[in-house]
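We will go from stop to stop, selecting residues as we go.

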Amino acid sequence: RDTAKLSMVMEKFLSEKQRIGRSHSYDKAMRYSFGRFLDHVGTDRSIGDITRQGITDYVYGKNKHVGPVMKRDLLTHLSGLFNFAVKEDFVEKNPVEKIDRPTVPFQKPHVLSPSDFEILLRRCYVNHWYDRLTIYVLVGFCGIRVEEASRLRWTNIDLQRQIVEVPATVAKKASFRNNRIPPNAMEWLRAVKDRRRTG
């Protein structure tokens, strides 16, 4: 206890998230976030050596130039990791719990025009960002929440029946539902699926 390597706990955390169905995009984002933290504290550190002050220095010192949303996300990621560590008896307490979150100023949501949205989708397609494009299409055309779309798999997208199956394990209110795929979304999803087969 407390002597387990931080890197090992991170791998166990990510394996658990993969087991319960988190997406490849989630895994990639977490590995990037955790990797930067490991670079800062040292790859051989024990998880019990990580203190509240050390995390505070990382978020508000090392990352002082990033915005409040990024700082909040860093704290959220690390808090999730340490909650897992507490649950698995690697540490007794989550050192992130008592760290103040940054104030995120309210910003009026920006609404993309249809032409701007098409430019965004085409850029994703040209750059082979197919997972990102798929999420944008599901959110923009099919009424899927961002958090839900990022956890869906291709097996949940039924192009033949033109529906997206949102399982209870993914849906915000833990209730299974089917969302219809409109014709414009079908074109994008077919194009992405074809590229995934050949890419």
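Select R145. This is a predicted model, and in it R145 has a relative accessibility of 34%. Buried means under 20% and exposed means over 50%, so R145 counts as partly exposed.

The side chains of R145 and E148 meet in a salt bridge, 3.0 Å from N to O. Is E148 buried or exposed? E148 is buried, because its relative accessible area is 1%.

Step back to G143. This residue sits just after α6 and takes a positive phi of about 75°.

Select α6 itself, residues 130-142. The helix has 13 residues. From first C-alpha to last, α6 reaches 17 Å, close to the expected 18 Å. Which residues of α6 are buried? They are Y130, L133, T134, I135, V137, L138 and C142.

Next, go to R161. D158 and R161 join their side chains in a salt bridge of 3.5 Å, N to O. R161 also forms a salt bridge with E165, with the closest N and O atoms 3.2 Å apart. E165 has 23% relative accessibility, so it counts as partly exposed. The whole structure holds nine salt bridges.

Last stop: N94. Find it in the loop between α4 (68-87) and α5 (114-126). N94 counts as buried because its relative accessibility is 6%. Its side chain makes a polar contact with the side chain of S79, at 3.1 Å. Leaving out residues up to four places away in sequence, N94 touches S79, F82, N83 and V86.

Definitions and conventions
Residues numbered from 1 in each chain as written. Predicted model: local features only at pLDDT ≥ 70, side-chain atom pairs only at ≥ 80, totals over all residues. Heavy atoms only, no water. Helix = DSSP H or I, 4+ residues; strand = E, 2+ residues; numbered from the N terminus. Buried < 20%, exposed > 50% of the residue type's maximum accessible area, 1.4 Å probe, protein only. Polar contact = N/O pair within 3.5 Å; in protein donor to acceptor, adjacent residues only side chain to side chain. Contact = heavy atoms within 4.5 Å. Expected span 1.5 Å × (residues − 1). Salt bridge = Lys/Arg side-chain N within 4 Å of Asp/Glu carboxyl O.
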